[in-house]
Every structure is written in structure tokens, then in C-alpha cells.
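Student: I would like to learn how to read a structure like this one. Please take the features one at a time.

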Amino acid sequence: MKITSKFLAALAISIAFTSASVAGITVSRDTDIVDFAINSVDGSMFHFGVHAEGGTRAMEYYGRNVDIDTSRYVGFLGVDVTRSITLFATMGTMISEENDFYNFNAENSNAFTFGAGLMFNLIDSDQFELLTTITRYRLQADAEVYYADFEDYSWTEFDAAITFQLHNEDAHNNLQIFPNQYAIFAGPCVSVISSDELDQSSGSIFGIKGGISLLFTGNTYITGGFEYYGDSSMYYGTIGVRF
């Protein structure tokens, strides 16, 4: 497995940024977050769910542009290390397909994939007075690395993001509204791919992400979102519970 200097640089920058943010900001006691793999509510510390994502990644194969269609289906298990940090692991399958018809064998390739990551609760505040429908705002950061070994090439991906979230926590006061709580989120993201046969296109590293989360009970949530990198895009969905 080849680890490029580009991969290491992005990893170092992301870790340094999130670590500095966590060190400088105190998270309030109420931390019931709705986002990928995390829904941190007092009284529980474990998270379990399923996550699916798919899209097109712009890569290069011996100097030629190659679009790789990828899909990943994993289960995740998370644990709250502290009130502000959650560690999670993923395991499942990844599917890739090259759709440019070059002499690159990536048609209907399947591989076992596994990974690990962290989520950080950076800011949590209910002092939002701009809109009456918004009862809380939050700032979160996450980072994940996962690996898949296909028959003809390896795939190591590091993803990180910082999202600003707007929450409506008063939905449960209206019996006609379902779910009990919802949130929208958006922010910058980075995705770095390292492979022994493929090189990542420079236009598919930095991007933006956004989406919506729905909290149905205190321990059950659904999240849907997208990531856009200019010449690449991904869409994902998550169903999770706490126990």
C-alpha cells in the first residue's frame, strides 16, 4: 500500500486543526448531536448503525483521467471516549466500477473494507436569536480513514470535515410534526485517496458537504447528505441508534 506525501500532509493538517479546536473550546453539558454515527446523549455511550454511500471519484491511471464509481456499505460501532470525543470503527463492503472503458480492470470489483475515525463536538450553544425556528447551533469535526484491497489495486481513503449545524428542538411540542427534532448542516471537507495503481485528481481533494438529520427518538436518528469536490461527488445515508 503506497502512502503519498499528499495523503500525509492532509492527514496532519486535519488532525492539527481539529485537535487545536477541541483544546480551545468547552462543550456544554447538553450534547445530543444528530450527525453521521454520533448522537451523543447523556446516559448512553455506545452507538451502532449502518452507513451507505456512493458516487463518482475522479482518478488518474497512467496520466489518463478515469472516473471510478464507488459504493460503500458498512456497519459502525462507536464509543464516547469523553463528552467531546467519540471513537468509531466501520466494517463492510466496497464496490467500484470504472466507467470510462479504459484498459483498467475495475468493473464490478468488490472488496472487504474496514476503518476507524473520530468525531469532535467543538461548540454547542442555544444562544441563537436570529431565527425563532432555530433553537440550537453546533460545530462538529470528524475524521475517518478506511481501507479496501481490490483484486487489481488498493484503496486507502482519509476523509475529514467541519460542519456547522442548525437545530430545531421544539418539533416535539407539536404532535403533528414528525420527527421530534431535525437539523441541517454544511461545511468544508477534505478527501484524500492513496492507491498503488491510481492517482487522485487534484480537483477532487477539497470540497463542501451538507445534509439533514432527523431525530425520531432520543436514541434513533437518520442522516442524509452529500459531498461535492468539483469533479467528484458523493451521497450518503446513515441510520443509527444509541444504547
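Tutor: A nonpolar core is a set of buried residues, such as Leu, Ile, Met, Phe, Trp or Ala, joined through side-chain atoms within 4.5 Å. Keep in mind that the model here is predicted.

Student: How many residues does the largest nonpolar core have, and which have the most contacts inside it?

Tutor: It has 13 residues, and the ones with the most contacts inside it are Met59, Ile68, Met94, Ala148, Phe150, Trp155 and Leu198. Two or more residues come from each of β1, β2 and β5 (136–149). Apart from this core lies another, of six residues, including Phe158, Ala160, Val190 and Ile205.

Student: What is alanine 148 in contact with, leaving aside its neighbours within four places in sequence?

Tutor: Alanine 148 then touches Met94, Ala111, Phe112, Thr113, Ser154 and Trp155.

Student: Which residues make the nonpolar surface patch?

Tutor: Met45, Phe46, Phe48, Leu77, Val241 and Phe243 make a patch of about 540 Å². Methionine 45 sits in the loop between α1 (5–24) and β1. Methionine 45 counts as partly exposed because its relative accessibility is 38%, and that class runs between 20% and 50%.

Student: Where does tyrosine 62 lie, and is tyrosine 62 buried or exposed?

Tutor: Tyrosine 62 belongs to the loop between β1 (46–61) and β2 (64–80). Its relative accessibility is 66%, so tyrosine 62 counts as exposed; the cut-off is over 50%.

Student: What is phi of tyrosine 62 near?

Tutor: Phi of tyrosine 62 is near 50°, a positive value in a residue that is not glycine.

Conventions:
Residues are numbered from 1 along each chain as its sequence is written. This is a predicted model: local features need pLDDT of at least 70, side-chain atom pairs count only at pLDDT 80 or more; totals for chains, interfaces and linings use all residues. Side-chain values use heavy atoms; hydrogens and water are left out. Helices (H or I, at least four residues) and strands (E, at least two) are DSSP runs, numbered from the N terminus. Buried means under 20% relative accessible area, exposed over 50%, partly exposed in between (1.4 Å probe, protein chains only). Contact means heavy atoms within 4.5 Å. Patches are made of residues with over 30% relative accessible area and no salt bridge: like charges are joined within 9 Å, nonpolar side chains (Val, Leu, Ile, Met, Phe, Trp, Tyr) within 5 Å. Accessible areas come from the Shrake-Rupley method with a 1.4 Å probe; for residues, only the protein chains shown count as cover. A salt bridge is a side-chain nitrogen of Lys or Arg within 4 Å of a carboxyl oxygen of Asp or Glu.
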